[in-house]
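Subject: Structure handover and notes

Hello,

Here is the structure for your files. My notes on it follow below.

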Amino acid sequence: MTPELRQARAGKMTASKAGIIMGGLDTKGLADYVMQLAWERVYGVSDDPGYTSPAMERGTLLEADALAWYAFETDSEPDQDSDRTIVHPDFPTVAASPDALLSDRCIEAKCPMPRAWMEVKRTMKIPAEYRWQV
């Protein structure tokens, strides 16, 4: 994530954290996220880059390929501005940074690890950890 994108998202509840937000009021994840948001609203973006899992690294490496596949499959040309943050028109502290846009939709590319991808193909369901975000 670029410094500009981090700054644009600072202090805002973002779609990528929707699963944490919806996970329950008494969870450690939500408590940590609320503290992060409070820090960003008072002091700005912290220098802490946060946690990056192997699955997140895989997503970063394969996102461009996934979006190219989507464009080919749908015969479309998604706008892939990587520094875009869309702020909710009625709630200025809520935002999202979609991977790409078309005129009528947002695109959120997911590149799960092989075992997780096999489960998606088997069940034909979006994994729970992605549902609130997408």
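S3 gives the most to the lining of the second largest pocket, supplying three residues. Helices (H or I, at least four residues) and strands (E, at least two) are DSSP runs, numbered from the N terminus. On a 1 Å grid over the protein atoms alone, a pocket is an open set of points with protein on both sides within 12 Å along at least five of seven lines, unlike a cavity, where a 1.4 Å probe fits but cannot get out; lining residues have an atom within 4 Å of a point.

Before the rest, some ground rules. This is a predicted model, in which local features need pLDDT of at least 70 and side-chain atom pairs count only at pLDDT 80 or more, while totals for chains, interfaces and linings use all residues. Residues are numbered from 1 along each chain as its sequence is written, and side-chain values use heavy atoms, with hydrogens and water left out.

The pocket

The volume of the second largest pocket is about 190 Å³, taken as the space filled by probe spheres set on grid points that are joined across faces, edges and corners. Its lining has 13 residues, and Met-13, Thr-14, Ala-15, Val-94 and Ala-95 lie nearest the centre. At least two lining residues come from each of strand S1 (13–14), helix H2 (18–21), S2 and S3.

Ser-97 sits in the loop between strand S3 (94–96) and strand S4 (100–102). Its relative accessible area is 17%, so Ser-97 is buried (under 20%; exposed is over 50%, partly exposed in between, with a 1.4 Å probe and protein chains only). The Ser-97 side chain makes a polar contact of 3.0 Å with the side chain of Arg-9. Here a polar contact is a pair of N or O atoms within 3.5 Å; within protein, one must be able to donate a hydrogen and the other to accept it, and residues adjacent in sequence count only if both atoms are side-chain atoms. A polar atom of the Ser-97 side chain also lies 3.3 Å from the backbone oxygen of Arg-84. Beyond its neighbours within four places in sequence, Ser-97 is in contact (heavy atoms within 4.5 Å) with Leu-5, Arg-9, Arg-84, Thr-85 and Glu-108.

Thr-85 is in the loop between H4 and S2, and counts as buried because its relative accessibility is 19%. The side chains of Thr-85 and Ser-97 are joined by a polar contact of 3.4 Å. Leaving out residues up to four places away in sequence, Thr-85 touches residues including Leu-5, Ala-8 and Ala-95.

Helix H4

H4 has 21 residues and should span 30 Å at 1.5 Å a residue, which agrees with the 29 Å between its end C-alpha atoms; the expected span is 1.5 Å times one less than the number of residues. A kink of about 55° is centred on Leu-62, where the bend is the angle between axes fitted to the seven residues ending there and the seven starting there. Gly-59, Ala-66, Leu-67, Tyr-70 and Ala-71 are the buried residues of H4, and they pack against S4 and strand S5 (105–107).

Positive phi

Asp-75 is exposed because its relative accessible area is 74%. Met-124 is not a glycine either, and has a positive phi of about 60°. Its place is the loop between helix H5 (114–123) and helix H6 (128–131), and at 66% relative accessibility Met-124 counts as exposed.

Regards
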